[in-house]
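Visitor: I would like to learn how to read the features of a structure such as this one. Could you take me through them one at a time, giving the general idea before the case?

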Amino acid sequence: MNRKEFIFRNTPLYKLDSFKTNNIYIKRDDMTDPVCGGNKARKLQYFIEEILNNGHNYIVTYGSKESNHCRITAAFASKYNIPCTLILAKPERNMEISYNGNYFLYDLLDADIIWSEVDNVSSIIDETMEKLGLEGYNPYFIPGGGHGPIGTHGYVKAYEEIENQRKDLNIDFDYIFLASGTGTTQAGLVIGNKLYENKEKIIGISVARKEERGKKVIYDSVCEYIKAKNIPLDISEDDIIFLDSYIGEGYGDIYGNVLDTIKNVAKTEGVLLDPIYTGKAFYGMLSYLENKNLKGKNVLFIHSGGLPLVFNYTYKFKDNK
Ligand SMILES: Cc1ncc(COP(=O)(O)O)c(C=O)c1O
């Protein structure tokens, strides 16, 4: 199976006009297929390849009511005519589930949904897989967020794409910034950077985890990948830069600077960021560069997608006026 059938083009990489202190470039991974795209599509294309090549005929995965990973899983599944069940963590009691954003798209794409208490997720996954097997399916479980070496591979390959685009532009990057959650995206980029023996710093802006745990999880993903692929790479935990200073009150805390950054980038560059991941990371990047008084550096920002999330939080923008 040719992966071009899953994601149809290289995503654009170009310089933004409105930032003068440093040369800020953007990698538009919000422009992958399918259905609003994003970094999860880079990972999921390899899971889908595995599923199709091994005769699986049912997909199960796990996430939240607003998961970009679940949205893109549902989109791939429906494109390849494979039934799909999303096991979703039940929101806190009394929290209204708005028929919007990714949740709306799950429904549009006809994914089946099973709600689960967070503590019961692994038993619900086991039960679902067993039930599908008894019904005669050959189901495949995709780990939440596309975690694991298959997902990491998506960003090792993305790094290769960036490397070719960088060479075409005839520049070296000093920094690459991205929103980091489960860390698989960052793990893939760190591996790519070592494979090409490049020198730029890859800086993950945490959207949830504290530095110690975040770094460890990324390092574990790196080690797992290197072992699975049997590549002799020397990477230590100190090679991983993971900043937890821009999380705010925690995952999903959308504070004023993030909203202002989203508005500014949309107005000046025509590029829409989301409030949970890329808006926070872009704000973190600008603050980092300013706080360190960095000037004239070549900086790449990975736009990892997540655009449907904007529409869940329009009230935040209205309140921020
Ligand atoms: C839009 C977006 N950006 C970044 C991330 C973080 O990716 P990772 O989990 O690989 O760190 C996610 C994860 O959910 C995401 O949806």
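Guide: Let us begin with a loop, where Pro34 lies between strand E2 (23–28) and H1; helices (H or I, at least four residues) and strands (E, at least two) are DSSP runs, numbered from the N terminus. This is a predicted model, in which local features need pLDDT of at least 70 and side-chain atom pairs count only at pLDDT 80 or more, while totals for chains, interfaces and linings use all residues. Residues are numbered from 1 along each chain as its sequence is written, and side-chain values use heavy atoms, with hydrogens and water left out.

Visitor: What is the peptide bond from Asp33 to Pro34, cis or trans?

Guide: As a general idea, most residues other than glycine have a negative phi, and most peptide bonds are trans. The bond from Asp33 to Pro34 is cis, with omega near -15°.

Visitor: Which residue other than glycine has a positive phi, and where is it found?

Guide: Asn81 has a positive phi of about 60°, and Asn81 is found in the loop between H2 and strand E4 (84–89). Asn230, in the loop between helix H7 (211–229) and strand E9 (241–243), also has a positive phi, near 55°. A further case is Asp110, which follows H3 and has a positive phi near 60°.

Visitor: Is Asn81 buried or exposed?

Guide: Buried means under 20% relative accessible area, exposed over 50%, and partly exposed in between (1.4 Å probe, protein chains only). Asn81 is exposed because its relative accessible area is 70%, and Asn230 is exposed because its value is 68%.

Visitor: Which residues are buried in helix H3 (residues 101–108)?

Guide: They are Gly101, Asn102, Tyr103, Leu105 and Tyr106. The buried residues of H3 pack against H2, E4 and strand E5 (112–116), where contact means heavy atoms within 4.5 Å.

Visitor: With which residues is Thr11 in contact, leaving aside its neighbours within four places in sequence?

Guide: Thr11, in the segment before strand E1 (13–15), counts as buried because its relative accessibility is 1%. Apart from those neighbours within four places, Thr11 is in contact with Lys27, Arg28, Asp29, Met31, Thr32, Arg42, Glu161 and Gln165.

Visitor: With which side chain does the side chain of Thr11 make a polar contact?

Guide: A polar contact is a pair of N or O atoms within 3.5 Å; within protein, one must be able to donate a hydrogen and the other to accept it, and residues adjacent in sequence count only if both atoms are side-chain atoms. The side chain of Thr11 makes such a contact with the side chain of Arg42, at 3.3 Å.

Visitor: Which backbone atom does the side chain of His56 reach?

Guide: His56, in the loop between H1 and E3, reaches the backbone oxygen of Asn138 with its side chain, at 3.2 Å. In the case of Asp253, which is found in the loop between E9 and helix H8 (256–269), a polar atom of the side chain lies 2.6 Å from the backbone nitrogen of Glu249. Lys20 lies in the loop between E1 and E2, and a polar atom of its side chain lies 2.7 Å from the backbone oxygen of Asp17.

Visitor: How many residues of domain 1 are in contact with residues of domain 2?

Guide: Domain bounds come from an automatic or database domain assignment, which here gives domain 1 (4–38 + 148–319) and domain 2 (41–146). There are 33 residues of domain 1 in contact with 26 residues of domain 2, and the C-alpha centres of the two domains lie 25 Å apart.

Visitor: How much space lies in the largest pocket?

Guide: On a 1 Å grid over the protein atoms alone, a pocket is an open set of points where a 1.4 Å probe fits, with protein on both sides within 12 Å along at least five of seven lines, and lining residues have an atom within 4 Å of a point. The largest pocket holds about 1,200 Å³ of space; of the 43 residues that line this pocket, the closest to its centre are Ser64, Glu66, Ser67, Tyr251 and Tyr277. Each of domain 1 and domain 2 supplies at least three residues of the lining.

Terms used
Points joined across faces, edges and corners; volume = space filled by probe spheres on them.
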